[in-house]
Amino acid sequence: ANLAIRVTGGTVSQTTKGTDWSDHAIGKWAALQQKHGFRLIYVVNGNEAPAAQATTIQRWLDAGANFDFIEMMNEYYLPKFEKGETQHGEVTRRVTPEIYVNEILPAFWKELDRFQLPYYVIFAPSREGTGAQDRMENWNRVVAQAVKKTYADRDLNATIHLYARNV
């Protein structure tokens with residue numbers, strides 16, 4: 001009951017499309033969840049059309065899976081997204097915090113609201129290095145402002161990836 005699995009988690013979440021999931025594989029995951037009681041979190045692939053992501057979520061639900069919430073993409077605060085470094089498979093466009101909150105989120109919510117699942121928007125962790133901390137703080141400032149003001153009528157939550165070194 002304490003185990004939560006992100007579908008699909010990490011960098012691969014931004015390269016895995018709904019068509020990469022067979023009905024058989026989804027059914028097996030749903031059966032495992034029902035048998036063992038672990039929690040599932042759906043991570044949106046921002047590189048696939050919102051309607052296609054909605055179709056994928058519906059396929060999981062139809063197979064009997066239950067999601068705790070929808071995580072709105074993975075690590076868009078990284079420099080490769082801000083710079084639009086499309087040589088990385090998970091980067092298909094430039095994503096700034098302003099684009100994330102003003103364009104990407106509303107486009108996906110239009111398709112995903114029907115599932116009535118909580119949304120978790122992404123915040124950036126602290127990051128050492130030249131300009132990195134300022135970039136992360138700017139990301140968090142823009143997203144927090146949107147959560148508090150622009151989308152105050154939405155019940156939004158936050159997710160943040162914490163990376164521990166030399167623990």
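A: Burial comes first: a residue is called buried when its relative accessible area is under 20%. The model shown here is predicted.

Q: By that cut-off, is N45 buried or exposed?
A: N45 has a relative accessibility of 2%, so it counts as buried.

Q: Where in the chain is N45 placed?
A: N45 sits in the loop that runs between β2 (39-43) and α2 (50-62).

Q: Which residues does N45 touch?
A: Leaving aside residues up to four places away in sequence, N45 touches S13, Q14, T15, T16, K17, Q53 and F108.

Q: How many aromatic pairs does a search of the whole structure find?
A: Aromatic pairs are classed by the angle between the ring planes, with over 60 degrees counted as edge-to-face. The search finds 11 aromatic pairs. One of them joins Y76 and F81, a tilted pair with 4.8 Å centre to centre and 55° between the planes. Both of these residues, Y76 and F81, are buried. Another pair, W109 with Y151, is edge-to-face, at 4.8 Å centre to centre and 90° between the planes.

Q: Which parts of the chain does the pair of W109 and Y151 link?
A: This pair links distant parts of the chain: W109 belongs to helix α4 (residues 97-112), whereas Y151 lies in the loop between α5 (132-150) and β5 (156-160), 42 residues apart. Both W109 and Y151 are buried.

Q: Which residues do ring pairs link into a cluster?
A: The cluster consists of Y76, Y77, F81, Y100 and W139, linked by ring pairs.

Terms used:
Residues numbered from 1 in each chain as written. Predicted model: local features only at pLDDT ≥ 70, side-chain atom pairs only at ≥ 80, totals over all residues. Heavy atoms only, no water. Helix = DSSP H or I, 4+ residues; strand = E, 2+ residues; numbered from the N terminus. Buried < 20%, exposed > 50% of the residue type's maximum accessible area, 1.4 Å probe, protein only. Contact = heavy atoms within 4.5 Å. Phe/Tyr/Trp six-rings, centres within 6.5 Å; stacked < 30°, edge-to-face > 60°.
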